[in-house]
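Welcome, and please open your viewer. We will walk through this model one selection at a time, beginning with the whole chain and ending at single residues.

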Amino acid sequence: MEWGVRFHQHLLMHDGRAHNFEQAIVYHGGEAARSRNKFLSLPADDRQALIEFLRTL
Ligand code: HEM
């Protein structure tokens with residue numbers, strides 16, 4: 001799968017309001033709220049590991 005998000009890591013979401021992956025995740029709502037909350041409850045090193053994974057996509 002190719003998200004291509006690594007090519008635009010500084011203006012994320014449809015209106016460019018998220019300046020990094022962590023912000024983009026935190027701005028999720030609706031159906032994605034559960035994923036956002038799970039992300040926020042992870043230990044810092046696991047959150048960092050997910051961000052590093054996103055940078056590879
Ligand atoms: C661990 C789970 C998730 C991660 C890491 C993640 C990550 C991201 C990122 C980085 C973006 C910005 C993409 C861009 O600007 O091109 C994004 C946007 C979006 N995500 Fe997720 N996401 C997750 C879960 C979900 C879920 C469960 C849903 C819905 C059921 C969802 C719906 C959306 C939608 C609709 C957008 C576009 C929002 C906008 O542009 O304003 N995401 N997501």
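What percentage of the 57 residues of the protein chain count as buried? The figure is 2%, where buried takes 20 or more other C-beta atoms within 10 Å of a residue's own, exposed means 12 or fewer, and partly exposed lies in between, with C-beta atoms placed from the backbone.

A word on what you are looking at. This is a predicted model, in which local features need pLDDT of at least 70 and side-chain atom pairs count only at pLDDT 80 or more, while totals for chains, interfaces and linings use all residues. Residue numbers start from 1 along each chain as its sequence is written.

**Colour by confidence**

The chain averages a pLDDT (the predictor's confidence in each residue, from 0 to 100) of 92, and 96% of the residues score at least 70.

**Show the cartoon**

You will find 3 helices and 0 strands; these elements are DSSP runs numbered from the N terminus, with helices being H or I of at least four residues and strands E of at least two. From the N terminus on, the order is α-α-α. The radius of gyration, taken over C-alpha atoms, is 11 Å, close to the 10 Å that the globule rule (2.2 Å times the number of residues to the power 0.38) gives for 57 residues, so the chain is as compact as a globular protein of that length. Along the principal axes, the C-alpha atoms fill a box of roughly 25 × 25 × 20 Å.

**Select the ligand's surroundings**

Now pick the 13 residues that surround the ligand; the closest are Leu12, Met13, His14, Glu31 and Ala32. A residue counts here if its C-beta atom, placed from the backbone, lies within 6 Å of the molecule. The elements giving two or more residues to this shell are α1 (21–26) and α2 (33–40), and α1 supplies the largest share, 3 residues. By class, the shell has 9 nonpolar, 3 polar and 1 charged residues. Nonpolar covers Ala, Val, Leu, Ile, Met, Phe, Trp, Tyr, Cys and Pro, charged covers Asp, Glu, Lys and Arg, and the others, Gly among them, are polar.

**Zoom in on Met13**

Met13 sits in the segment before α1. Its phi is near 75°, a positive value in a residue other than glycine. Most residues other than glycine have a negative phi. Met13 is exposed, because 12 other C-beta atoms lie within 10 Å.

**Finish at Asn37**

Move to helix α2, where Asn37 lies. Asn37 is exposed, with 10 other C-beta atoms within 10 Å.
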